[in-house]
Amino acid sequence: MTSSPPSPEPPAPHVVVVGAGPTGLLLAGDLAAAGIAVTVLEKRPEGVSNLSRAFGVHARTLELLDARGLADELIATGQTVEELRLFGSVPFDISRLPSHHPLLLVTPQYEVERLLLRRALQHGAVFRHDTEVHGVEQDSDGVTVSIRTAGAESTLGADYAVGADGVRSTVRAAAGIPFPGRSVIRSVLLADVKLAREPQLTVRVEGGGGAFGFIAPFGDGYWRVGGWTREGRDLPDSAPVDFEELRSITERAFGTDYGMHDVRWIARYHSDERQAPRYRAGRILLAGDAAHQHSPAGGQGMNTGLQDAVNLGWKLAAVLGGWAPESLLDSYHAERHPVGRAVLRSSGLNLRLAMAHNPAEVALRLLRTWVVKHVPAVSRRAIGEITGIGYRYPAPKGAHRSVGERVPDQPLSDGRLYRALRAGKFVLVLPKGAEFDPAGREDRLLVAHRPDDRPAPRLVRPDGYLAWAADRMDGDAVEAAVRQWTGPRSLASANAREEVAS
Ligand SMILES: Cc1cc2nc3c(=O)[nH]c(=O)nc-3n(C[C@H](O)[C@H](O)[C@H](O)COP(=O)(O)OP(=O)(O)OC[C@H]3O[C@@H](n4cnc5c(N)ncnc54)[C@H](O)[C@@H]3O)c2cc1C
């Protein structure tokens, strides 16, 4: 009897992530944790970090790191701050934020990257360092990434490619996506220093007289000090940085240089305001600085990129896992592009006010300071934007009023929500005693119960936003919502992928 040769295994779904900055690392970890094969291509040699750069991790990012079991460990690396003082008189009390992490964590970017890299490796993401991407092509079946490693050229095929390769993104260029915008500030000086006279442990921004400065404690004896003067502008990032220049800026902005000494890192930095008009071109997606670049005011660059990654990861995993249609990927742009635009707008406004020079600009700054200080709704909105907890996503017409909202952490009858989210699945939160059988969907759905007597069921997405809600329990409505978001029960992956393709 002749036996027919075994049919070849279908290739595993595979994503190539270009760039091992914070955005690429988080995305790679999420994809790998969801069982998707992921290869990260990074032009830096292994072990060479992105240096200090970003220093603030905001509340929403901490919540999302909590949903990956990393928040406490990261918090231990830095200094927590509960109040921001922007322009002297405007204190933002973040200790009362409705969040499990009502604080700003000041820690160097490399600490964030260290934890995210470890997690991605633990889940099996493959890293190829010293590997520069110089082209990406796509067709209806997948992408082909052109790479150069130690002078040798080769290609790598995958289902999707994500450009997390920073502001000068090669992937963005290869996808033909423009990056319109303009340069807003040049020659911002940044340094990590020790201070002989340490101020109060808070993050302060002060400006006036054609200069502004900011200061934040890392908690290990070092402080991030930075600043800008009107006279110093227009120098390229490569211009040598003079410690005396930073000392004099700090003195102008704060009235003292705090006796700064022992520099462990110093850089000159410029910032553009740019945004890609599309975060997706077929099988190529953009995330982080590759998709948006904004002013450093508010310290949102890294935070926004990490939140992009969280939004994209579960969607790519769902599409490649065969339980969501490919159109789900369009919601990545629909949800994250407006957030990027809002960050551009608010951080740009704050920067322009910090740089205020002529009488009209100075008057506007005084007015904004007064409004933020005296109008609670404006203050709440500003703090929601800076910390990231104020953003919600658009809801479809007719949806429950809460759909699209960020869901804060909350107790469950057995634990708490952000612990449950560590499974990387949807969490269906049912009223006490209500039942729902997750059979056939255990790989994408967790069922939990409220600890109180409220009757409202909620379906929380893996990224901690509300997918569906109702005011009372109705089993059929719950099944319909769960099916809409997580697909039918017992979906054989291969069949589902065919369904999606057809
Ligand atoms: C000096 C400085 C100070 C900053 N300070 C702050 C701050 O205080 N607060 C804040 O929020 N943000 C700050 N930022 C911005 C913040 O660092 C970025 O927003 C953040 O790093 C974005 O992360 P990312 O992963 O999207 O991109 P990146 O961190 O830029 O990572 C992109 C990665 O892609 C790799 N790469 C690029 N091209 C290729 C290619 N063709 N092939 C392979 N690999 C490639 C790069 O080597 C890099 O590792 C600062 C930036 C700089 C430069």
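A polar contact here is a pair of N or O atoms within 3.5 Å; within protein, one must be able to donate a hydrogen and the other to accept it, and residues adjacent in sequence count only if both atoms are side-chain atoms. With that in hand, Gln109: an N or O atom of its side chain is 2.8 Å from an oxygen atom of the ligand.

Some housekeeping. This is a predicted model, in which local features need pLDDT of at least 70 and side-chain atom pairs count only at pLDDT 80 or more, while totals for chains, interfaces and linings use all residues. Residues are numbered from 1 along each chain as its sequence is written, and side-chain values use heavy atoms, with hydrogens and water left out.

Back to the ligand. Glu42 has a polar side-chain atom 2.6 Å from a ligand oxygen atom, and Thr170 has one 3.2 Å from a ligand nitrogen atom. The protein covers 91% of the 1,000 Å² of accessible area that the ligand has on its own (Shrake-Rupley method, 1.4 Å probe). Around the ligand are 31 residues, each with a heavy atom within 4 Å of it. By class, 11 are nonpolar, 12 polar and 8 charged; nonpolar means Ala, Val, Leu, Ile, Met, Phe, Trp, Tyr, Cys and Pro, charged means Asp, Glu, Lys and Arg, and the others, Gly among them, are polar.

Which element gives the largest share of that shell? Strand E9, with 3 residues. Helices and strands are DSSP runs numbered from the N terminus (helices H or I, at least four residues; strands E, at least two). Helix H1 (22-33) and helix H7 (301-320) also supply at least two shell residues each.

A core is a set of buried Ala, Val, Leu, Ile, Met, Phe, Trp, Tyr and Cys residues joined through side-chain atoms within 4.5 Å. Buried means under 20% relative accessible area, with a 1.4 Å probe and protein chains only. The largest core has 85 residues, and Leu316 is one of those with the most contacts inside it. H7 provides the largest share, 11 residues. A second, separate core of 30 residues includes Phe55 and Val372.

Last, His294, in the loop between strand E20 (292-293) and H7. Is His294 buried or exposed? Buried, because its relative accessible area is 5%. Its side chain makes a polar contact with the side chain of His292, at 3.3 Å.

Key. Buried means under 20% relative accessible area, exposed over 50%, partly exposed in between (1.4 Å probe, protein chains only).
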